[in-house]
Structures are given as C-alpha cells and as structure tokens.
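Let's sit down with a protein model and learn to read it feature by feature.

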Amino acid sequence: MLTVRRTCARGVSRRRIKCDEGHPCQSCLTSNSACTFEEPGKRTHPHKSKRAATLEDRMQQLETLIQAIPPQVFASAGALGAGLPQSPVDPTTNPHASFASSTHIFPTAAPPPSLTAYPLMNPSTFFGPIKAGSRNASPGTGFSRIRASSMSTDQYAEDTSRMSLASSYLYFDDEGYTRWQGETSGLPILDLLVERHAVVTKPDPDRPNGQQWKGQNGQPPNDWFPDRQARRTETNPEHIWKLITSFIVPELMDSLVQCYLSTSYYLMPFLHVPSFLADYGNPRKWGEPGFAAFIVSICCLSSRHIDDPRVRADPNDSNSAGTQWFDLLTRLRTLPGADKPTLYTIQSVLIAGVYAVGLGRLSKAFALLAEAITLSLDAGLHRSADDYDVFDPVEDEVRKRTFWCVYLWDKQASAHFGRPPMLRLRDCDVGEPAIVDDEFITREGIGLQPQETESRMNAFLNCVRLFVVMESVIDVPPSRPPAETSPFLARATSVLTGFPRGKELREEEALLDDICRAIPPHWAHSVETMTSSDVIRVTQAERLHCVEQYVRMLIHRHRFSEMVAERMHNHIPDAEQSEAEIAAMRAAHGCALQIISSHLHIAAKGLMTYYGVHVIHQLTAAGRTLVAMLLNCHSDSLRPLIPPALEALRSCVGLLRRFSGRYICGQRSGDLMEEFCRLTQIPLETAPRQPDGTGANHRPPWVRPVRKKTSSSARSPAGSGDSPLNHGSPEEFQPSTDAFLDHMPPLGSSPQAAAQPFSVPAPAPFGILDTTGATMMQTDPGPPMSAADIMAFLNAEPGLDMSALLASPDMGALDHQANGFYHLGTPTAGSAGGALSP
C-alpha cells in the first residue's frame with residue numbers, strides 16, 4: 001500500500017532537515033520547539049512566473065468585456081419597447097413583425113472566430129523601464145525582397161488592347177513603400193516598352209565570346225538603381241508606446257480593441273484579424289506611426305460603445321468620449337513616416353474621419369475622408385494588382401477590403417451631405433474581395449469557405465454592391481447650364497458630362513433589383529432571418545435592408561424633385577399633381593417608413609452597438625423625406641399617408657434625440673428636423689411645446705439659410721446696382737418668423753381652397769397638418785410664400801438637397817387606423833407606387 005509521508009513544518013520550511021515523522025520528532029525535541037505537521041497536499045510553486053500571472057489577469061478581464069459593454073448604449077430598451085405600437089401584422093409573414101415579436105436575448109458584442117483562436121495581447125511586457133545610458137532597439141530596416149513585375153508574352157496583345165483603360169504602374173519609392181501612378185504620367189507605357197526592349201550590345205574584341213556585359217556592381221542593366229539602397233525612417237517603438245499609454249492605459253486599450261473587433265468591425269471588415277492580432281502583440285510593429293495611429297483611431301471609435309468614465313474627456317459629458325485621444329492622433333500624424341501610404345495609415349485616417357463625422361467636426365471629417373481617398377490612390381488600391389508579383393494573398397485581400405471600405409464611406413458622405421463623390425467606379429478596376437472568412441486565408445493562399453458556414457464577407461460584398469448603385473444615383477449634374485453668358489462652358493458641359501443617363505434612373509433601379517434578388521437567403525431580410533438567434537445574421541440583414549431602402553429612396557427622391565421642379569417652372573397648380581408624382585411620393589413614403597421602422601426595432605432590441613453614425617444619416621434622410629412629403633401632400637389620394645408619416649416622423653426625431661447623447665451629429669439632425677416642423681407647423685408633438693429652459697437655447701443655430709436674389713436681381717450682372725454688395729451676408733441676415741412660414745388651408749378644407757397653394761385663405765393662420773381642427777402653432781400672418789420660395793428655402797442648406805428631401809418605394813396598402821406605419825403590406829392593385837423588394 002502506498003503511504004504518504006508526513007513532514008514536520010519546522011523541518012521543511014525553516015531548516016530543510018529530515019524529519020523522522022515522530023510526534024514530536026527528534027529534531028524538534030533537540031531544538032526545544034513545537035512540532036506541528038501539515039496535511040499532505042499539493043505544493044505551491046513560490047516562483048510562479050509573474051508574466052503568467054499578468055496574462056491570466058488580463059485574460060480574465062477580456063473574458064468579461066462582452067458583459068461589460070452596456071446593452072443600452074444608445075437608448076433604453078424598455079423605453080423604446082414601451083413606445084412601440086403593437087402591430088397586428090402576422091409575424092409569420094412579415095420580417096418586421098417577426099423581429100419585433102422574437103424573444104431572443106442577443107449579445108451586445110460578438111467576437112469574430114479568429115479572436116478566440118488567437119490571443120489579444122499588447123506588447124506591454126516587452127517594453128520595460130528605460131535604463132540610463134541604454135539604447136532601445138528600433139525596428140529593422142529590412143524590406144521584403146523586391147521582385148520585378150512582369151507580364152507573360154502571350155498576354156501582350158490583350159494587355160496592349162486595353163492599355164488606355166487599365167494602364168497602371170506600381171513601383172517602390174525611395175523608402176520601400178508601394179506606390180502607384182497612372183497613364184498620363186507616362187510611366188506605364190515606358191514600363192511596358194522597357195520590359196520588351198532587348199539590350200543589344202556591340203561585340204567587344206577585348207571581351208571573350210559569351211561573356212555577359214554587366215552594369216555597376218555586377219548587376220544586369222535592367223536592375224533599377226543597383227548601387228542604391230532603400231532607406232526607411234526609423235521610429236523607436238517604445239517611445240510611441242509610452243506616448244500612447246500615457247493617454248490610454250494598456251488594459252483599457254485591450255478592452256477598446258476587443259470592443260471594436262466585436263462590433264464595429266463587421267461594418268468595415270478590412271482587417272485580416274489573425275494578422276492584426278499578430279501585429280498588435282509585435283513590439284516592432286509599434287514603431288510604425290500608421291499602425292499606432294490605427295490603434296488610437298479604433299479606440300476613439302469604440303469609446304462610444306463603452307460606459308467607462310476613462311474614455312471621456314469630461315466624465316459628465318458622453319459626447320466627449322474619445323475626444324482627448326482624437327487630439328493624440330494629430331500628434332502621431334506628425335511623426336516621421338506617418339504620411340506614407342501604408343494600409344494601416346489608410347485605415348487609421350478612414351476610421352478617424354468616421355469618428356469626426358459623429359463628433360460633428362464636419363470640415364475635419366471631410367478632410368480626413370479626402371486624405372484616405374488620396375492615400376488609397378497613392379498606394380494603388382483602386383487598381384488591380386493581379387499582374388504584379390509583390391503581394392501575398394493576405395495583403396492582396398486587405399488591400400481590396402480597405403479600398404471598398406473607403407469607397408463605401410465616400411458614397412455615404414456624398415449621399416448624406418449632398419457632396420459630389422471623389423471616387424468613381426469608372427476610374428477603378430480593382431476586383432471584389434473574396435467571399436472567404438479570415439480563418440481560411442493565409443500567406444500561402446486563399447482556401448475554400450466551408451459550405452455549411454456562410455461567409456461574413458458575403459454580407460459586406462452585397463453592401464458594397466448597393467453603394468455602387470448609389471454612386472450613379474448621387475452623380476447628378478447641375479440642373480442648369482453653368483452660365484448663360486458662357487457658350488464655351490455650355491458646350492463643354494454637354495461634351496464632358498460623359499455617358500447619357502436616364503432621367504428617371506430606371507436602369508439603376510433594375511440593377512438594384514438584381515442585387516437584392518442575388519442576396520443569399522442567409523442574409524436576406526426575411527422572416528426566417530429575423531427570427532434567427534444569430535446576432536450577426538440579424539444585424540447584417542437589417543443593415544442590407546436599410547441600405548437597399550436608402551438607395552431606393554434616393555432614386556424616387558430624384559424623380560420626385562424633378563417633377564416638382566418642372567411643375568413649378570411651368571406654373572402648374574399644386575392641386576394638379578400628376579400620377580407619376582403621386583406614385584413617387586408614395587414610394588418615398590414607403591422607403592422612409594421601412595428605414596425608421598427597422599432602426600426603431602433594432603434600438604428596442606439593444607443592438608445599436610453593431611451600428612454606427614450611418615444610422616443617423618439614414619434616419620435624417622428618411623425624416624426629411626417625410627417632411628417633404630407632408631409639405632407636398634396636395635392630392636386627396638395622398639391624405640391617408642399623412643397619419644403614418646406623422647407617427648414615423650415622431651419616432652425618427654425620438655431616435656435622433658437619444659442618439660444625441662453619443663453623437664453630436666444626431667443632436668444637429670434632431671434639432672434641424674424639429675426646426676423644419678416648427679417653421680412649417682407640422683404637429684411633431686401631441687401638444688404644443690413650451691420653452692423648458694433645459695439648455696436648448698445654448699445650442700448653436702445649426703443652419704441659417706442664405707437669402708436668394710430676386711428674379712430680377714438674379715439676372716443682373718455682378719456688381720450692378722440691382723443687387724446690394726452685401727446682400728445675403730451673415731452680418732446683414734436678420735431671420736424673421738413670418739419670412740419662412742408656409743400658410744396652407746386645413747387638410748379638411750374644400751378642393752377649391754386646396755387649389756390655391758401656400759396662400760392665406762383667412763386672417764387666422766392654420767396649422768398645415770392639424771387634422772383635429774385645432775391650431776397647433778399660432779403665428780402672425782405674413783405675406784404668402786410661393787411654392788418656388790419654399791422650395792428655395794428647403795434647398796438652402798448645402799447638405800440638404802431638395803432632391804434629397806423628396807422620394808422612396810411604395811408601401812402599398814396602408815391603413816393607419818388598423819395597423820399604423822408598421823403595416824408594410826402588399827400593394828393593392830390600384831396603388832400607383834413601385835413594389836417593395838422582398
């Protein structure tokens with residue numbers, strides 16, 4: 001039988017002498033000490049690695065991060081859920097109703113599979129305290145071996161035939177970074193000819209036959225600058241690490257990075273997560289200013305998703321989350337090498353631009369987005385690199401993903417702010433990213449996506465395709481000739497505008513339908529998807545659905561604005577709205593309701609952590625569309641759309657108010673929406689709002705429309721006496737209440753009264769949408785505004801295009817009394833709108 005020896009505690013722990021197991025033992029008797037025995041058990045290791053203990057503590061903190069993210073970052077689920085009307089629509093046939101009635105408890109964050117396979121470990125253990133007189137190691141200057149690009153001879157004819165369309169020249173600069181130049185630089189044609197130019201040397205009688213002529217340093221003559229070496233600016237990684245950790249402690253940085261990978265990453269999945277995690281723990285990588293700036297930028301973005309006072313510049317102001325780190329980005333951008341077009345630099349600038357949009361610093365945001373586009377072009381991300389043997393499969397995929405994320409945000413900003421896009425599809429020939437998840441992409445090659453697992457990249461790819469259609473929708477030339485006094489500009493405009501495009505965007509709508517039909521069932525907005533417990537599937541399907549409705553709304557908005565402008569130009573009364581205009585308004589109404597309903601349900605489920613500032617953009621566009629529809633609702637056939645539009649508008653403003661706690665741009669959009677409703681007397685509230693003195697008065701006036709010239713002065717030459725020199729300047733602009741009010745008869749008035757648009761039928765003003773007969777807001781009667789005047793007012797904001805205020809797909813049969821605006825049913829046979837996508 002196995003016996004366990006007992007040892008005297010004094011003999012083991014103090015003197016390390018042998019114990020005879022007596023009680024008391026001989027050793028203790030000799031020394032006249034108390035003899036005690038410890039129960040046998042597992043011995044501890046007093047020299048346990050401090051590094052292992054640190055890693056265990058950090059892993060325990062990271063495991064609890066997901067539970068630490070507040071489920072109601074943007075809004076109270078209880079409050080939103082209580083405000084949702086109960087829809088009588090059958091949940092088994094309607095995706096909105098099925099999602100609203102589902103009882104799944106979704107996680108507030110979902111780490112990608114790569115994050116569970118690879119540890120998230122920062123390099124803090126590698127950076128010890130700096131010793132006096134010691135020199136810290138800097139990253140090496142070794143570069144990847146430069147391999148000359150070449151084309152096979154049999155591809156010569158094909159490549160030459162498309163040279164004018166796809167001329168591309170990738171090269172390494174003096175520091176070893178990959179850069180690109182296009183056809184007009186002259187380098188592509190020279191490169192093509194030099195590759196096929198055979199160097200013919202005259203026989204040298206002093207050289208033996210067969211001896212090859214060598215250039216300098218024994219290199220062949222086609223080796224560029226053989227006697228020179230690329231030199232890259234070095235930066236001490238420990239100095240950068242200590243600069244960043246003086247603002248963001250390592251433990252908080254790990255939490256923010258994990259939060260980003262578990263939420264916002266799915267919106268812009270440009271990272272190859274295993275490679276990023278390896279770089280994150282590599283101390284040499286922190287010597288690259290672009291990588292360090294990328295970490296800080298995602299910390300700024302993730303700060304809006306974590307309720308930790310340490311992420312705020314002002315602990316009492318949630319809008320200040322990440323602002324102190326945003327200033328740190330400026331310091332990092334001044335380091336040597338920070339302006340080089342590396343992938344991490346492009347990604348950091350893009351994320352910083354997205355963060356600045358939510359922060360309300362629009363000029364800075366547009367500058368950063370433009371810089372991300374410029375760096376992408378400089379690195380050649382917009383052109384195919386298939387002919388170049390320089391990128392491994394991981395880098396090639398990251399390049400494609402990064403470009404399409406930049407392209408996506410260029411279209412997002414262009415659509416919301418009415419700005420011309422900077423990236424055009426016709427200037428690009430880069431391919432789509434592979435529909436393969438990161439776990440199956442290695443440096444050696446791209447594997448096959450398992451059939452039983454739907455790739456997450458498929459959702460991103462379909463979203464990119466929707467934004468490609470959006471490019472054609474927002475690429476609207478000016479409606480008027482550049483100048484009636486310049487025949488040259490008029491002629492040049494007709495020649496240089498490019499291919500002719502349909503006025504009603506029918507081809508774009510057909511392409512959009514094809515994209516939606518091609519979306520895999522796993523990501524389609526269907527009852528099966530919306531009842532799933534897979535949070536990524538649900539949130540991505542809702543995202544695709546809202547982007548689809550957003551693009552459709554832009555299409556119908558364009559049609560609607562064209563018809564309104566044409567009707568006003570021809571002085572056609574508002575009451576004589578055409579069937580096409582009515583159909584476009586029905587479609588606009590339908591898309592706006594789809595967008596607001598989707599985001600309302602997402603917020604009620606506490607899933608807004610998976611979304612971003614684009615939600616505010618979509619809600620703002622939907623709300624402005626509803627305001628425009630209400631202002632232009634002159635036909636009796638449109639009157640049934642008013643109640644659900646009002647209900648949806650109130651929900652839209654309510655969501656924007658809640659988002660204002662995290663996004664200043666949400667506060668701006670909500671305030672502007674309320675101001676439109678106040679000016680036009682749309683009953684946004686159930687009762688007249690009284691000044692509450694809660695601080696709304698100290699907010700800045702977000703928009704003050706610039707006055708337009710009168711029709712006579714508009715035709716006067718510049719500087720003539722018909723137009724004051726300072727007309728329309730901010731100093732001379734004194735807004736008056738009655739100058740912007742639109743007086744309309746009550747909705748229940750006779751058709752004869754409605755035939756006089758924007759006129760005052762009686763001394764007492766009316767609330768234009770007061771269906772109860774009570775006046776919601778009393779104002780002093782003023783001079784009547786024409787339809788052209790109010791349209792001009794609505795067009796005054798640079799980012800507020802009337803073309804962006806008016807239109808969207810048909811909601812079909814809407815019965816507000818029975819179903820409210822959540823009844824998204826099938827169009828009746830007599831409805832004039834276009835059918836919604838499934």
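The dialogue below goes from the whole protein to single pairs of residues.

Q: What should I know before I start?

A: This is a predicted model, where local features need pLDDT of at least 70 and side-chain atom pairs count only at pLDDT 80 or more, while totals for chains, interfaces and linings use all residues. Residues are numbered from 1 along each chain as its sequence is written, and side-chain values use heavy atoms, with hydrogens and water left out.

Q: How many helices and strands does the protein have?

A: Helices (H or I, at least four residues) and strands (E, at least two) are DSSP runs, numbered from the N terminus. Here there are 31 helices and 2 strands.

Q: In what sense do the strands β1 and β2 pair?

A: Two strands pair if DSSP finds at least two bridges between them. Strand β1 (residues 169-172) pairs with strand β2 (residues 178-181) in the antiparallel sense, over 4 bridges. Tyr171 stands opposite Arg179 in β2. The two strands form a hairpin with 5 residues between them, and Gly176 in the turn has a positive phi of about 90°.

Q: What share of the residues count as buried?

A: Buried means under 20% relative accessible area, exposed over 50%, and partly exposed in between (1.4 Å probe, protein chains only). Of the 838 residues, 50% count as buried. Helix α14 (residues 289-302) is largely enclosed by the rest of the structure, because 14 of its 14 residues are buried.

Q: How do I read a salt bridge, and how many are there?

A: Look for a side-chain nitrogen of Lys or Arg within 4 Å of a carboxyl oxygen of Asp or Glu. By this rule the count is 29. In one of them, Lys400 pairs with Glu397, with the closest N and O atoms 4.0 Å apart. Both residues lie in helix α18 (residues 393-417), 3 residues apart, about one turn of the helix. In general, an α-helix has 3.6 residues a turn, so residues three or four places apart point the same way.

Q: Which parts of the chain does the salt bridge of Arg401 tie together?

A: Arg401 forms a salt bridge with Asp438, the closest N and O atoms being 2.7 Å apart. Arg401 lies in helix α18 and Asp438 in the loop between α18 and α19 (456-474), so the pair ties together parts that are 37 residues apart in sequence. Arg401 is buried, with a relative accessible area of 1%, and Asp438 counts as buried at 3%.

Conventions: The expected span of a helix is 1.5 Å times one less than its number of residues.
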